[in-house]
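Reader: I would like a close look at one part of this structure. Please take a single helix and its surroundings, and keep it brisk.

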Amino acid sequence: MAAHDHDLDLDIEIRGAGPVGCTLALALRGAGFRVALAGRRPAEIPAGQAGRAFRPLALSQASRLILERVGAWDGLRSTPIEQIHVSQAGRFGRTRISRDDVGLPALGYVVDYAALAAHLATAAGPSDPAPAQRRARLVVHAEGLADGLASSKDYGHSAIVALVECAPAAGTVAWERFTPDGPLALLPLAGRYGLVWSRPNAAAAETMGLGDADFLDSLQSAFGRRAGRFLKTGPRTAMPLALRYRSAPSIAGEVHIGNAAQTLHPVAGQGLNLGLRDAWELAASIRDATPESLGSVQFAEKFSRLRSLDAQAAIRATDLLATLYVRRDPLSPLVRGAALTVLDLCPPARRAFAKRMIFGTSAW
């Protein structure tokens, strides 16, 4: 940016007051830059819109460390995941991944998206409802699904999301069950389960139209009784699933993080965790830069290269899992079963896989 200091209102404008944008704002506190956060806080989103719908999230141990470092972990209600049980319905192959495999207090923590967003917004402080007419050296796009994302793949599936009660009550085990229709995850949250059930669009629409009793019967039939008996469901929502990522060249004075940079299939729960790592790495890059360099194309290109390996690894891993577990050819169940069996019988492989899911490419 060629403007002089007196022509600029800000060093950094963060557009998007969701969890990723708020985390970046918190990470930049005390860094000596003029920072503004723009976007509606979660409480300002009308009830019934997507921002107020129930949405379970599995935060990795790495994400917890980030939130602790920015002073936003204490007071956040969460349920630890101490073990993940992965299996496929009607076929051989299963594995259990434990916190003991990686020597951590937990593999992750389940939170409600709305609760997380509100908690981080409160910690970050006031934000402007919309970007104002002001000039910044660097505009950070963290507003979610932004224009310019290239759609790489439409999976033809939708994720049905709900909070379900079960007997016995949920503990600290997360379940990932690969059904013929697609992956079905149960995330423990305060004695209940956050359900994320991927189904083909037509089947998902039919399932969404069921009454609660029929819905619970359908869920029980798909998942089985390993987690217990499903008793009650809260309101349901359905979200179309696609892989999208930004492929445009870097632009001077602009960077993209979180869902503004890439959106992933929810299998393995990598989306928000990747976005929080984006925010943390960007804050570190900004702290190492001079104010004058923030608006340069070199800064934008350097940050893009910095995040490329982690982002591409997450994109490819989740796309591979999503594709592998919805294929209906006779060979795919055998490949899936063999992969799960190898993980179960080979602790080093299981440990490496778990650390990659928790810490991203920094695990390497």
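Author: Start with the buried side of helix α4. This is a predicted model. In α4, the buried residues are Y113, A114, L116, A117, H119, L120, A121 and A124. Several elements cover them. Among these are the helices α1 (19-27), α2 (61-69) and α7 (271-287). The strands β2 (35-38), β3 and β7 also contribute to the cover.

Next, the length of the helix. α4 has twelve residues, and at 1.5 Å a residue they should span 16 Å. The end C-alpha atoms of α4 are 16 Å apart, so the two values agree. After α4 comes G125. The phi of G125 is positive, near 90 degrees.

Now the sheet beside the helix. Three strands form an open sheet in the order β3-β7-β4, and their pairing is antiparallel. β3 (56-60) and β4 (79-81) are the edge strands, each pairing on one side only. Direction ignored, neighbouring strands of this sheet are turned by 35 degrees against each other on average.

Strands of a sheet pair through backbone hydrogen bonds. Here, five bridges link β3 with β7 (residues 108-112) in the antiparallel sense. S60 stands opposite G108 in β7.

Back to the helix. α4 covers residues 113-124 and packs on the sheet. It touches β3 and β7. The direction of α4 makes about 90 degrees with that of β7. Both of these strands also belong to the cover over the buried residues of α4.

Terms used. Residues are numbered from 1 along each chain as its sequence is written. This is a predicted model: local features need pLDDT of at least 70, side-chain atom pairs count only at pLDDT 80 or more; totals for chains, interfaces and linings use all residues. Side-chain values use heavy atoms; hydrogens and water are left out. Two strands pair if DSSP finds at least two bridges between them. Helices (H or I, at least four residues) and strands (E, at least two) are DSSP runs, numbered from the N terminus. Axes are lines fitted to C-alpha atoms, for helices over the stretch in contact, and angles run from 0 to 180 degrees between N-to-C directions. Contact means heavy atoms within 4.5 Å. The expected span of a helix is 1.5 Å times one less than its number of residues. Buried means under 20% relative accessible area, exposed over 50%, partly exposed in between (1.4 Å probe, protein chains only).
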